[in-house]
Amino acid sequence: MKSFTRIQDGVCAMIAEGPCWTLTVALALTSIVISPQTAIAEEAAPAPVVKSTGNTLDRHPLNGPDSADSLISANSEEKADLLDRNLLKKWDEWKASIKEKTGFSFGADYTSVGLAATASLGDKTAASAIARVYGSWALFNRGGKNTGSIEFKGENRHSFTDIPPAGLGLAAGYVGVTEPVFTDQGFRATTLYWKQRFLQDKAVARLGLIDVKEYFDVYALASPWSGFHNLAFSTGSNTMSKLPDGAFGAMVGGYFTDNFYAAASIVDASADPTSAFQSVQTFFGDFDTFKTFEIGFTQGGKRLFLDNAHIAFWQIDESKKTGAVGGWGVNGSISSLVNERWLVFLRGGWAHEGGGLYEASVSTGFGYMNTPGGNLLGVGVNWGRPNSDTLSVDLDDQWTGEVFYRAQVAENFQVTPSTQLLLNPALNPKEDLIAVFGLRARVEF
């Protein structure tokens, strides 16, 4: 298959039965979530779901589904859209000719998200959008093995409401993030690095401004652009304060057998994607770093992020520049594509300090796509224990559920309605259940 927060006093009066400190904590955490320097990690775009071609490495190793190269490839693949038409066929053909002549390929997309909560300590609605431009330019060994290329991705994140979707969960009193990437940061550089494949395309290295979500703790339904909204179902399972992007650093990884792979990286933990090039200075000057190591088993090739089992370790230094708390943790994931239609997953994470919202988290669920490249149903359930080190208070455990249905309307256009159920929100004790209804639309160019 091919693709798978304002007035504190006023609100406190509304929740007289509950302790007022809950709102104080919620609003403070909301400002953290939508801050450029400490933005909660966004998730990787979902991998194209394809039929197995065995263990051949027919996709470049650890070329994560949110990398520019993978986005371009996924955009160009034919989809089983409802209208059965490509509204941008001539444009796509022109882009393909540019790639053939020069080795330069590029793409763009625009995605908007609106969320509405049934109850909240503050705002009940949030909406924003992201415009992205990305590209890859093969400059060394184009068309052959061990290609070297420049990859880049730039974005503009803009909000249409008082708070963006990234802050709605905490504003409602839920310890979590109902949509991690849709903020109001404005222009930002997400990636700009040199990517070098080697060992006959069995290994890869990146150097420059890196997004660690392209290769770390990835699975196929994590994308806030086309998969689950809630961070509990994404990279790190909500146990990490941030996953740096626009961060100067390096990674290296690859296959050491047909099925086993490993990857390691070190990047600037103080990186601010809205001033990305300062990351070089802070990396060598402050040397507050975010380090990862992952080892996993996979069927290889196109099924790297589908049939996959991995364990991933991370460590973040305390940062004087941003005030980030140091810590470390471990994430585990198992996913499998069954009968080429069902992608089932079991994922979890645990953290010791580090500034994340959860100390421990476990998620399970599935994605179902009846027709290759067609509509996608996703269902997930999560248990999470709020991190007392981050929140400075012991809070009750939370349960989260999410259901989404992504309709592939046209070749270049998707619409995704969704519902999130937030049970016993820890910062809003008056509510047993808050529902968050969402609508996402995405167009590719």
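How many aromatic pairs does a search of the whole structure find? The search finds 22 such pairs, where rings of Phe, Tyr and Trp (its six-membered ring) pair if their centres lie within 6.5 Å, and planes under 30 degrees apart count as stacked, over 60 as edge-to-face and the rest as tilted. The model is predicted, so that local features need pLDDT of at least 70 and side-chain atom pairs count only at pLDDT 80 or more, whereas totals for chains, interfaces and linings use all residues. Residues are numbered from 1 along each chain as its sequence is written, and side-chain values use heavy atoms, with hydrogens and water left out.

A pair of aromatic rings is described by the distance of the centres and the angle of the planes. F283 and F284 form an edge-to-face pair, at 5.0 Å centre to centre and 85° between the planes. F283 is buried, with a relative accessible area of 9%, while F284 is exposed, at 58%; buried means under 20% relative accessible area, exposed over 50%, and partly exposed in between (1.4 Å probe, protein chains only). F290 and W314 are stacked, with 6.3 Å between centres and 10° between planes. Because F290 lies in strand β8 (residues 289-298) and W314 in strand β9 (residues 308-316), this pair ties together parts that are 24 residues apart in sequence. Helices (H or I, at least four residues) and strands (E, at least two) are DSSP runs, numbered from the N terminus. Both F290 and W314 are buried.

Aromatic rings also form a cluster, which comprises W91, W94, F104, F106, W137 and F152. K95 lies over the face of F106, 5.9 Å from the ring centre. The charged end of R132 sits over the ring of W225, at 3.9 Å from its centre. A charge sits over a ring if NZ of Lys or CZ of Arg is within 6 Å of the ring centre and within 35 degrees of the ring normal.

The nonpolar interior can be considered next. A nonpolar core is a set of buried Ala, Val, Leu, Ile, Met, Phe, Trp, Tyr and Cys residues joined through side-chain atoms within 4.5 Å. The largest has 27 residues, and those with the most contacts inside it are L168, V175, F182, L395, I434 and V436. At least two residues of this core come from each of β1, β2 (125-140), α5 (168-171) and β16 (433-444). A second, separate core has 25 residues, including L62, M240, V267 and A271.
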